[in-house]
Every structure is written in structure tokens, then in C-alpha cells.
Amino acid sequence: MWRLPGARAALRVIRTALEKLSPAEAQSQTAAGAMERAVVRCVPSEPKLSLSFALADGSHKNMQRDQSEPLGRVLSRIATNALKGHAKAAAAKKSRKSRPNASGGAACSGPGPEPAVACEPVVKLYYREEAVAEDVLNVDAWQDGAVLQIGDVKYKVERNPPAFTELQLPRYIMAGFPVCPKLSLEFGDPASSLFRWYKEAKPGAAEPEVGVPSSLSSSSPSSSWTETEVEERVYTPSNADIGLRLKLHCTPGDGQRFGPSRELESVCVVEAGPGTCTFDHRHLYTKKVTEDALIRTVSYNILADTYAQTEFSRTVLYPYCAPYALELDYRQNLIQKELTGYNADVICLQEVDRAVFSDSLVPALEAFGLEGVFRIKQHEGLATFYRKSKFSLLSQHDISFYEALESDPLHKELLEKLVLYPSAQEKVLQRSSVLQVSVLQSTKDSSKRICVANTHLYWHPKDGVSLCRPRWSAVAGSQLTASSASRVYAILLPQPP
């Protein structure tokens with residue numbers, strides 16, 4: 001783990017230097033100058049801490065211990081595990097020696113000396129070159145920078161280093177469309193993390209010279225990988241990548257240090273994209289984020305998957321669409337590219353599936369500097385995203401229309417008139433329509449706030465032309481409180497057809 005100024009640049013220099021060494025040289029230098037790693041995760045709100053390390057026999061240990069437990073008990077358990085690991089390794093070695101060789105004879109010509117009985121190794125924890133007393137509680141003993149010694153092997157303790165808790169690539173990847181990995185970090189920040197993309201080597205590509213690795217080793221022995229020049233979180237495949245899989249190597253960071261690296265491969269190859277899309281022309285006018293004094297807003301009904309996959313949708317609403325064009329994996333690529341290309345400051349979306357919000361929209365828009373909130377309606381919901389460099393979320397108010405109609409005195413007169421028409425009243429009170437209200441505060445001037453209202457009003461194709469469009473968003477300057485949020489009226493801006 002590094003704690004150096006300009007750590008991102010330092011890591012790249014170290015990584016480049018190691019890649020220039022032969023595998024034997026890199027291994028010898030690592031063994032001579034670096035300790036093994038012992039990772040400790042200790043969170044005050046949890047009763048247990050976790051301790052992870054690899055023993056000399058190659059086995060990996062992941063221990064869960066009470067934070068209030070004395071250190072001595074943990075060290076004793078580590079010693080026992082190390083002894084068991086040594087015994088297993090010795091037994092495996094003896095078993096290999098006793099196997100017959102290729103000619104049918106015994107591997108050994110005669111019985112050798114019995115191996116010495118292994119003793120439990122000495123296990124100590126040091127902090128600032130002093131042994132930590134065994135009666136110290138775990139929560140206080142396992143400090144960042146401490147040294148755990150198991151026999152002759154030393155481990156550098158890393159307490160709560162940056163770590164990925166979730167890392168996933170999209171299931172469907174198309175040339176010309178950005179690939180945004182879904183990731184969650186603990187004790188880290190995506191902006192401080194390192195990313196490096198690789199693509200599968202084309203069949204028949206020349207093998208690299210001996211001692212000159214072309215890429216990191218792959219978890220798939222049958223695949224070889226070539227490094228791209230992209231070291232960002234988002235990678236956009238080109239037509240040259242069609243038919244190839246992708247691999248992402250990433251190292252979590254927090255601005256001061258880096259945690260254990262992770263590597264993952266795409267489960268699918270890059271597919272050909274649809275070519276030029278209609279939104280590509282609109283993107284010509286939104287190449288840059290607006291200045292601080294301006295706000296660019298986008299409102300979009302993205303069609304929930306639960307509605308796209310019905311027979312009514314395929315035969316009546318969208319008969320002109322090929323079946324593949326209604327598939328969610330395909331549509332998500334187009335939605336991501338279109339939304340990110342507008343460089344908007346505020347995005348209001350309707351008909352958003354919960355899984356689409358968390359697995360697709362959040363990773364894609366977060367990579368471009370936006371943060372979002374979600375409000376489930378029934379089968380789908382509303383999502384509002386805002387640019388983090390311009391706004392922070394001050395408060396959020398979700399309002400159910402039928403609940404507001406029944407409980408808010410402001411709507412008493414409307415409710416009294418609705419009672420005169422029982423059939424209409426029943427229909428209105430059955431609607432699950434909601435209003436998602438987000439109050440945003442300027443990051444540059446805390447006295448400036450805006451109220452963003454996002455809703456999706458009921459509509460049915462048999463209703464004919466309606467005076468109300470089915471989807472709306474509104475942005476207005478305000479000094480809202482929670483009690484007044486449901487009573488604010490703003491000019492509603494319909495989404496263009």
C-alpha cells in the first residue's frame with residue numbers, strides 16, 4: 001500500500017517498471033522488498049472485525065473475530081491454523097513422493113528419514129516496532145501499519161483499505177456505446193481509483209516475445225489479452241473490438257492509498273452497434289457541460305421493461321420495432337449513450353425499473369458526474385439525477401397524488417366535487433401516480449436552491465388526445481420546507497415528442 005503524494009502517478013510508474021522486468025526478476029524483487037498483506041476490516045457499528053491473509057502453504061484465511069476479544073486469543077488461533085496448514089503441506093509432499101513413477105517403480109528407492117514434528121509457530125503482532133500486549137482488545141490492537149509475524153513470515157497490516165464490494169460489467173456490449181462498470185466501494189472513491197482496460201487478442205495475433213508481457217495474466221488460460229490505452233472508468237469499444245471480449249483491471253483508492261486490485265472479464269463479446277442514431281445529431285449541440293450560471297435539464301420516459309415485453313406492446317403500441325429492439329439489454333445501451341451525451345445538469349426519468357436504476361443508470365451516469373434518487377411507484381418508478389459538481393441534495397419529498405387528495409385541505413374542494421362522480425372517484429383513487437420532489441442546493445452558493453418536480457401522469461392509448469401529457473418535469477427556484485413541498489405550483493414543461 002502506498003501513502004505517497006501523487007499516488008496515482010506513482011502507482012503507474014511502479015506498475016510500468018515491473019512490467020519491464022522478466023517474471024523471475026519481478027518475483028525476486030517482490031520477495032526481497034515487500035511484506036505479505038494482512039487486511040483488517042473494522043467498522044465501529046459492527047460487533048466483529050475480519051482478518052484476511054495468506055499462509056506460507058498458500059491457503060487463504062479469512063477470520064471473523066469479536067472486536068472486544070483479547071488479541072492473545074486471535075494470535076493463538078492463527079498459530080493453530082498455521083500448524084494445520086504446515087501438516088497438510090507435509091502430508092501432500094509425502095504423498096507425492098510415495099507415488100509410483102512413470103516406469104512403474106517407486107518414486108523413492110528406500111524409506112527416507114521421518115520428517116521432524118512441526119512445532120506451533122511463534123505469532124506476534126508489532127506496532128511501531130514494539131510487541132502489542134495480548135490483553136489488548138482487537139479493536140485497538142489491529143492498527144494500520146502494524147506488522148503481523150507468523151514464524152518467519154511478516155505481514156503488513158492494512159486496516160480498512162479501499163476495497164470493491166461490488167464490481168460488474170454489463171451483460172451486453174456494443175461497439176460505439178460506452179461500457180460503464182457497476183461498482184461499489186468501501187473506504188474508497190471511484191475518482192481516486194485506477195482503471196485499465198484490456199481486450200481479447202485476435203485469433204492468430206503474434207505472441208509476445210519471451211520476457212516481454214503484453215498484458216496482465218488472464219484468469220482464463222485459453223485467452224490472451226492486449227492492453228488498450230484507456231485508463232479511465234468508462235471504455236467505448238470501437239468496430240475493431242467486435243467479436244472480442246473485454247477485461248477490466250481496477251485498483252480501489254481513496255486519494256492517499258490503494259487497496260487490493262480486482263480483475264473481471266466480460267461474459268459476452270462486443271457486438272456491432274446500430275450505426276448512427278437520431279440522438280447523435282442532438283449531441284452536436286450538447287458537447288460540453290453548461291457554465292455554472294446555466295442549467296441544462298432533460299426529461300425522458302424510457303419505457304419500463306415490464307411494459308415493453310407485453311403482447312399489447314409488441315403488436316399495438318410498437319409494431320414497427322423489431323423484437324431485439326425491445327429487449328432491455330439492447331435498449332439500455334442506447335439509453336445510456338443518449339443520456340450521457342446531453343451533458344445535462346438535471347435529468348428526470350419516468351418508467352424506470354428498479355433494477356435498471358441500480359444496475360444500469362447509476363453506474364453509467366455516476367461515471368459522468370451525476371448522482372440519482374429513485375422513487376418506486378408500483379411496477380416501476382421515477383428517477384431524478386443531478387450533477388454533483390453543481391448541486392447537492394438538500395431534501396427529498398415523495399408525494400402520492402391520491403393520498404394528497406384525501407388528506408391535504410388544499411384539495412378539499414376538488415375532492416368534494418369528485419365525490420359526486422363515484423366511478424371517476426374510484427378510478428382516481430386507484431391511481432398509483434406519485435410526485436418526486438428534489439430540493440437541490442448550489443455547491444457554489446448555498447443561498448441558491450432549486451426545486452425539481454418529476455412525475456408521470458396516467459395515460460392510456462384509448463383515451464385519445466389528452467390535455468395533459470403523460471410525463472412532466474418542472475424546475476423552479478424555491479426556498480421549500482417539507483410542509484410546503486406539496487403546495488408549490490410551477491410551470492410544467494412537457495417533454496417534446
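Predicted model: local features only at pLDDT ≥ 70, side-chain atom pairs only at ≥ 80, totals over all residues.
Reader: What makes D241 and K199 a salt bridge?
Author: A salt bridge needs a side-chain nitrogen of Lys or Arg within 4 Å of a carboxyl oxygen of Asp or Glu. For D241 and K199 the N to O value is 3.1 Å, so the pair qualifies. D241 lies in the loop between β12 (225-227) and β13 (246-251) and K199 in strand β11 (residues 194-200), so parts 42 residues apart in sequence are tied together; strands here are DSSP runs of E, at least two residues, numbered from the N terminus.

Reader: Why is D241 called buried?
Author: Buried means under 20% relative accessible area, exposed over 50%, and partly exposed in between (1.4 Å probe, protein chains only). D241 has 0% relative accessibility, so it counts as buried.

Reader: And why does K199 count as partly exposed?
Author: Its relative accessibility is 22%, so K199 falls in the partly exposed range.

Reader: How do you know that β16 and β17 pair?
Author: Two strands pair if DSSP finds at least two bridges between them. Strand β16 (residues 297-301) and β17 have five bridges, in the parallel sense, so they pair.

Reader: What makes strand β17 largely enclosed?
Author: Seven of the seven residues of β17 (residues 346-352) are buried, so the rest of the structure largely encloses this strand.

Technical notes: Residues numbered from 1 in each chain as written. Heavy atoms only, no water. Helix = DSSP H or I, 4+ residues; strand = E, 2+ residues; numbered from the N terminus.
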